[in-house]
Amino acid sequence: MTVAQPPSVPDTVGAAPNGNTLRVHNAQGEAKKPGGDALFRTLCLAAVLAMMATLLGLVGSLVSGGWMALSHFGISFFTTSTWDPVADQYGAAAPIVGTLLTAFLALLLALPVAVGVAVFLVEICPQAIARWLAIAVELLAGIPSIVYGMWGLFVLAPWFSAHVQLPLMMSVTPGSWLDTLTSGVPNGANIFTASLILAVMILPYIAAILRELLMSVPSHMREAAYGLGCTQREVVMRIMLPYVRKSAIGAVMLGLGRALGETMAVTFIIGNSHNFPHSLFDSGSTISSTIANEFTEATGDMHISALIALGLVLFMITFVTIAAARLLLGRGGETK
Amino acid sequence: MSGKNLENANFDRFLHLRRKAYNTVFLVLTALATAIALAALALILETLVVKGVGGIDMAVFTMSQPAPDMAGGLLNAIVGSLVMCAIGMIIALFVGILAGTWLAEYGDGTKLATVVRFLNDILISAPSILIGLFVYELLVRPFHGFSAVAGGVALALLAMPVATRATEDIMRLQPYALREAGMALGANRGHVIRSIIWRASKSGLMTGALLSFARISGETAPLLFTSLGNPFLSFKLTQPMASMPTTIFQFAMSAYDDWQRLAWGGALIIAVAVLTTNIIGRALTRGSTHK
């Protein structure tokens, strides 16, 4: 929803030509103090500054809280994967890789479907039905992440274990590439199912933004293409998608940012092991699931500091992703 | 052959068929994608309703959380969630509406506004668990204790950017003539904003509030280490307080059937609450923007 910017109002509008401030009277006839506007304006500005302070405070607290672990372990915090609260040794390679792996896998799974949904709703489905379908897809975005997590743990994981992992274990030749890719405890709680849940969660976000973008393609461009005899596929693939390419990449990155930071759903289903993941069907952990699982139980200062340092890493990864997404999207992104 | 054929000599039947076939495949694939998305929604809602309805009875709303194998409900969690969401919403709306107003009215065109708008958009999408860490450092660690206030503030920080964005968007939709009319009557800008623009944006602001509420009411991660949770009904703001999402998380991860049943009941309640808020919010937007 792009909104035309109203021209800015000069601040001197309330001042009379001779320089005296105009005095405004309310219904009771009392003169309003001319300072009223300045006060309100300052209040608004204070709110904006509070906003900024939040973000600065967020970064500041993550840096100061995580400093102890970062300075103690240095670069080995990122390169080793020993996470041992008893020995006070912390290496975060496993959760960092887990975060990136699940998020990208989720994106890989969600993107084709999201594009399909958006195209179907905008270009193919009759508009009367499309409106309702769009609401249904938005509903998917509104479901709290804890519900996704429970569904993943109690429905998806058992199903996946019984119908995918076990049959695969029976039939795959040990040692083949497929075996290496899919080995793991067949309980359904692994990196792949976590990515699958994440994919379902980010799908409606990407689809909703893409739908808005596709609807913004000027109709004369579409009509011109149809007039040349293009099929729907050609209009979508050669005219509409290229037209919104830049913003579409922004939409995708926004979805990626969501997948990177999602906590609860992943915590339920990823299996929460600190070992470096060896296959897609291996249990693992992400930065956010590690923090969610251990933070309240952490007793040692170094443990807490290591967890906050993990938070800082997550912040930097998501900041770059979201910042890039917002720059690409401009002001057109969704409000949620 | 070309002499007898009335069709265009350049007409390539093979190419035509290929394009048609590609197009059909394309259409089927997009329909399939939509079917997948709808199936996911249906599957999740079905599980939620089937398992959730079994977990809901009167006790859920009248009794606090039980020990394993005892009768009980989610009263402490429902109350806790309402209290903390209320704290969060009050702070978030106060700051968010004022900040949105500044962005739409006063800061327009300034460099600061561009920066703030960008940072606000970042905050909207920032992982909620990081907000939890921040509030832990800000309010839990210095005061040596988890508290409902900390939980409320964490929720406020999540809702604030949503409220700011919604406020700015809706205020920008108000026609410029409204502002001119107000000023022509001699009102100053602050007066125009408060008595005219805010009033004209009422339904939009309402939507913003509902969407922010929907955003925070299902949030779990930031509450885990700010309000912690509390097995008893509590109204003390400086003490740990239960909330729906954290209680559901705790119960769902437990090994007790009763607790898991309650967790599904709670999940259904919270999903229904969030989805209804979302739908009402969006319905209001449709009413106000498509005049």
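What span should the 16 residues of helix 4 (residues 127–142) of chain A have at 1.5 Å a residue, and how far apart are its end C-alpha atoms? The legends below begin with this helix. The model is predicted: local features need pLDDT of at least 70, side-chain atom pairs count only at pLDDT 80 or more, and totals for chains, interfaces and linings use all residues. Residues are numbered from 1 along each chain as its sequence is written, and chains are lettered from A and ligands numbered from 1 in the order in which they are written.

**Figure 1. Helix 4 of chain A and its buried residues.** Helix 4 should span 22 Å, and its end C-alpha atoms are 22 Å apart, which agrees; the expected span is 1.5 Å times one less than the number of residues. Helices (H or I, at least four residues) and strands (E, at least two) are DSSP runs, numbered from the N terminus. The buried residues of helix 4 of chain A are A:Ala134, A:Val137, A:Glu138, A:Leu140 and A:Gly142. A residue is buried if 20 or more other C-beta atoms lie within 10 Å of its own, exposed if 12 or fewer, and partly exposed in between, with C-beta atoms placed from the backbone. Chain A has 13 helices and 2 strands, and 47% of its 336 residues count as buried.

**Figure 2. Helix 5 (residues 145–171) and helix 7 (residues 191–215) of chain A.** Two packed helices are described by the angle between their axes and the distance between the axes. Here the angle is about 135° and the axes are 10 Å apart. Axes are lines fitted to C-alpha atoms, for helices over the stretch in contact, and angles run from 0 to 180 degrees between N-to-C directions. Helix 5 and helix 7 of chain A are therefore oblique to each other; angles under 35 degrees count as roughly parallel, over 145 as roughly antiparallel, 65 to 115 as roughly perpendicular and the rest as oblique. Residues making the contact include A:Tyr148 and A:Phe160 of helix 5 and A:Leu196 and A:Val200 of helix 7; two residues are in contact if their C-beta atoms, placed from the backbone, lie within 7 Å. The contact has 8 nonpolar, 3 polar and no charged residues. Ala, Val, Leu, Ile, Met, Phe, Trp, Tyr, Cys and Pro count as nonpolar, Asp, Glu, Lys and Arg as charged, and the others, Gly among them, as polar.

**Figure 3. Helix 10 (residues 245–261) and helix 13 (residues 301–329) of chain A, with A:Ile322.** The two axes come within 7 Å and cross at roughly 160°, which makes helix 10 roughly antiparallel to helix 13. The crossing is left-handed. By class, the contact has 13 nonpolar, 6 polar and 1 charged residues. A:Ile322 of helix 13 is buried, with 25 other C-beta atoms within 10 Å. Among the residues that A:Ile322 touches are A:Leu254 and B:Ile122.

**Figure 4. The side of chain B that touches chain A.** In this interface, 84 residues of chain B are in contact with 79 residues of chain A. Helix 1 (residues 13–53) of chain B gives the most to this side, with 19 residues.

**Figure 5. Two loop residues, A:Asn272 and B:His144.** Phi of A:Asn272 is near 50°, and phi of B:His144 is near 55°. A:Asn272 is buried, with 20 other C-beta atoms within 10 Å, whereas B:His144 is exposed, with 6.

How values were computed. A crossing is left-handed if the near helix is turned anticlockwise from the far one by less than a right angle, and right-handed if clockwise. Lists of a residue's contacts leave out its neighbours within four places in sequence.
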